[in-house]
Amino acid sequence: MKKIVAILCILLSYASMSAQDTYTVNGETLELKTEIDGNLDLLWTIVDGKYRYFVRTQNNTILELKNTKGVNNKYQEEYKTTLDNVMEDYGLSTDKVKLTLGSLKDFIDMYNSTSDVSYQTQLKKNKLELRLGVFGGITNNPFVPNPDNLKSPVFGTELEVITNAEKPIHSGFLQLRQVLKNDDLEYTSTEFSLGYRWRAINISNLSIYGNVKFATLNFSKVTVATEDDVIEESDTSFNAPFIFGLGADYKVGNGYITFGFNQLFALDLDTNDNFPTDFTLGYKFTL
């Protein structure tokens, strides 16, 4: 199961790459993403694990920004000369510009703002926002002894902390999850958990992500019938189990329909030979 999830996560990471356009630069065909669009455009891609950056002028000439090593392994910083050559003289110095996406974005955005009074900055300062959700579904309690693989109702609520970026990747969440007893499985639990979410696919109105719960506080109760008596046992436990799962959000209006395939495996818990069957459906909205 762990190998399957690992393969799935790898496939999702490839699918998560932003949409790119095809260009031919010096006879080389490349898929480039436009990061800044103005009098001077900034484009970039990753080839063989290395970032490559390009600028596009107003006459659609695309030039690569390079920083090769010369004698004594000293970097030549050719990209600064390229930027100086394609920019008009607006008193902007390239001395402190680094060949990184963040530094190039800041500099080219500043140049576009200086050279075009109608240009609107494309640098966004993201802020944190809260999303509140509710969900319900079924679970076979994969980390609890359940020889007959019985299913129980589950419901809960979640508070997610995320940035207001157009396509956010990372978020954290605080979740309350309640499992009700099945007629044939006298087990209930109330779980508080802290977790992290990484969006592997983030397109249009749909995002698909992986979850990990790294801390849980669980209050559980089980009733066991013996020949002589009925015994009710309660337990309180705090763990760092690193429980992994998958989920998806689909934007509808001002909120999101959510789907979860939860508790696929954990680093510190045993699934008791039952394939995880833990599905939830819910809705969350921005506070």
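**Close-up views of a predicted model**

**Figure 1. The largest nonpolar core.** Within the largest nonpolar core, which has 16 residues, the members that touch the most others are Leu-40, Leu-65, Leu-83, Leu-104 and Ile-108. Two or more residues each come from strands β3 (41-47) and β4 (50-56) and from helices α2 (78-86) and α3 (101-115). Helix α3 gives the largest share of this core, four residues. The structure shown is a predicted model, not an experimental one.

**Figure 2. The surroundings of Leu-104.** Which residues does Leu-104 touch, leaving aside those up to four places away in sequence? They are Leu-42, Tyr-53, Leu-65, Leu-83, Val-97, Lys-98 and Leu-99.

Figure 3. Asn-73 sits in the loop between β5 (62-65) and α2. Its phi is near 60 degrees, which is a positive value in a residue other than glycine. Most residues other than glycine have a negative phi. Is Asn-73 buried or exposed? Asn-73 counts as exposed because its relative accessibility is 57%, and the cut-off for exposed is over 50%.

**Figure 4. The loop that holds Asn-141.** The loop between β6 (128-139) and β7 (152-163) contains Asn-141. Here too phi is positive in a residue other than glycine, with a value near 45 degrees for Asn-141. Asn-141 counts as buried because its relative accessibility is 6%, and the cut-off for buried is under 20%. Asn-73 is thus exposed, whereas Asn-141 is buried.

**Figure 5. The whole chain, for orientation.** The protein contains three helices and 14 strands. Its C-alpha trace spans about 90 × 40 × 30 Å along the principal axes. The radius of gyration is 26 Å, while a compact globule of 287 residues would have one near 19 Å. Of the 287 residues, 39% are buried. Among contacts between residues at least 6 apart in sequence, 50% join residues at least 24 apart.

**Figure 6. Surface and charged side chains.** The accessible surface of the protein is about 17,000 Å². Carbon and sulfur atoms account for 55% of this surface. How many positive and negative side chains does the protein have? There are 27 positive and 37 negative ones, and the centres of the two sets lie 7 Å apart.

Conventions:
Residues numbered from 1 in each chain as written. Predicted model: local features only at pLDDT ≥ 70, side-chain atom pairs only at ≥ 80, totals over all residues. Heavy atoms only, no water. Core = buried A, V, L, I, M, F, W, Y, C linked by side-chain atoms within 4.5 Å. Buried < 20%, exposed > 50% of the residue type's maximum accessible area, 1.4 Å probe, protein only. Contact = heavy atoms within 4.5 Å. Rg over C-alpha atoms; globule rule 2.2 N^0.38 Å. Areas by Shrake-Rupley, 256 points an atom, 1.4 Å probe, with all protein chains shown as cover. Lys, Arg positive; Asp, Glu negative; His and termini not counted. Charge placed at Lys NZ, Arg CZ, Asp CG, Glu CD.
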